[in-house]
Amino acid sequence: MSLYEGDLTPEQAWDKLKSGSAVLVDVRTEEEWAHIGIPDTRQTDNDPLFIPWVFSGGIPNPDFVIELELQGPENRETELLFLCRSGQRSAAAAAAATNLGFRAYNVLEGFEGVPGPDGQRNVNGWKNRGLPTNVGQE
């Protein structure tokens, strides 16, 4: 049995968001949101949730479950799509959400994707696949 509903590519996640059947949950840190950017979901029916899985320095967010309970949809059938930088933290967050009764998915590759040969995160992930972001916007 899987720890969560399954893994989605960034494109699959975007399709679910556009259909209105899902809510994006960005579990990166506040610093990542501020300095790297966030997905732009204005074309969808649901605003994203921003709930850090960990804080700067890798300190676990002790209130993650409480924040998800408070901010998450009342209807537990609404799919939650968890996103982090590369798809690792989001998998753990999706498992935690599943334990709460949510239908949770992990977005593979995350927002930035994996480092390329030059060490830069420009190979894959949400922003490198050309999906909507606020990167470069004021």
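User: What is the relative accessibility of R129?
Analyst: This is a predicted model, in which local features need pLDDT of at least 70, side-chain atom pairs count only at pLDDT 80 or more, and totals for chains, interfaces and linings use all residues. Residues are numbered from 1 along each chain as its sequence is written, and side-chain values use heavy atoms, with hydrogens and water left out. A residue is buried under 20% relative accessible area, exposed over 50%, and partly exposed in between (1.4 Å probe, protein chains only). R129 therefore counts as partly exposed, at 38%.

User: How many residues apart in sequence are the parts that R129 and E109 tie together?
Analyst: A salt bridge requires a side-chain nitrogen of Lys or Arg within 4 Å of a carboxyl oxygen of Asp or Glu. R129 and E109 form such a pair, with their closest N and O atoms 2.7 Å apart. Both residues lie in the segment after β7, so the separation of the parts they tie together is 20 residues.

User: Is E109 buried or exposed?
Analyst: The relative accessible area of E109 is 18%. The cut-off for burial is under 20%, so E109 is classed as buried.

User: How many residues apart in sequence are the parts linked by R103 and E77?
Analyst: R103 and E77 form a salt bridge whose closest N and O atoms are 3.9 Å apart. R103 belongs to strand β7 (residues 103–107), whereas E77 is in the loop between α3 (64–71) and β6 (79–83), so the distance along the sequence is 26 residues. Here helices (H or I, at least four residues) and strands (E, at least two) are DSSP runs numbered from the N terminus.

User: How many bridges join β6 to β7?
Analyst: Strands are paired if DSSP finds at least two bridges between them. β7 is also joined to strand β1 (residues 6–8), in parallel, by three bridges. Y105 in β7 stands opposite G6 and is also the bridge partner of L81. β6 and β7 run parallel too, and the number of bridges between them is four.

User: Which handedness does the β-α-β unit of β6, α4 and β7 have?
Analyst: The handedness is judged with the strands pointing away from the viewer: a crossover is right-handed if the path from the first strand over the helix to the second runs clockwise. The unit made by β6, α4 and β7 is right-handed.

User: By what distance are the C-alpha atoms of T98 and Y4 separated?
Analyst: T98 lies in helix α4 (residues 89–99) and counts as partly exposed at 26% relative accessibility. Beyond neighbours within four places in sequence, T98 is in contact (heavy atoms within 4.5 Å) with L3, Y4, E5 and A104. T98 and Y4 are 94 residues apart along the chain, and their C-alpha atoms are separated by 5.6 Å.

User: What is the relative accessible area of T29?
Analyst: T29 is in the loop between β2 (22–26) and α2 (30–36). Not counting residues up to four places away in sequence, T29 touches P52, V54, F55, S56 and R89. T29 is buried, its relative accessible area being 9%.
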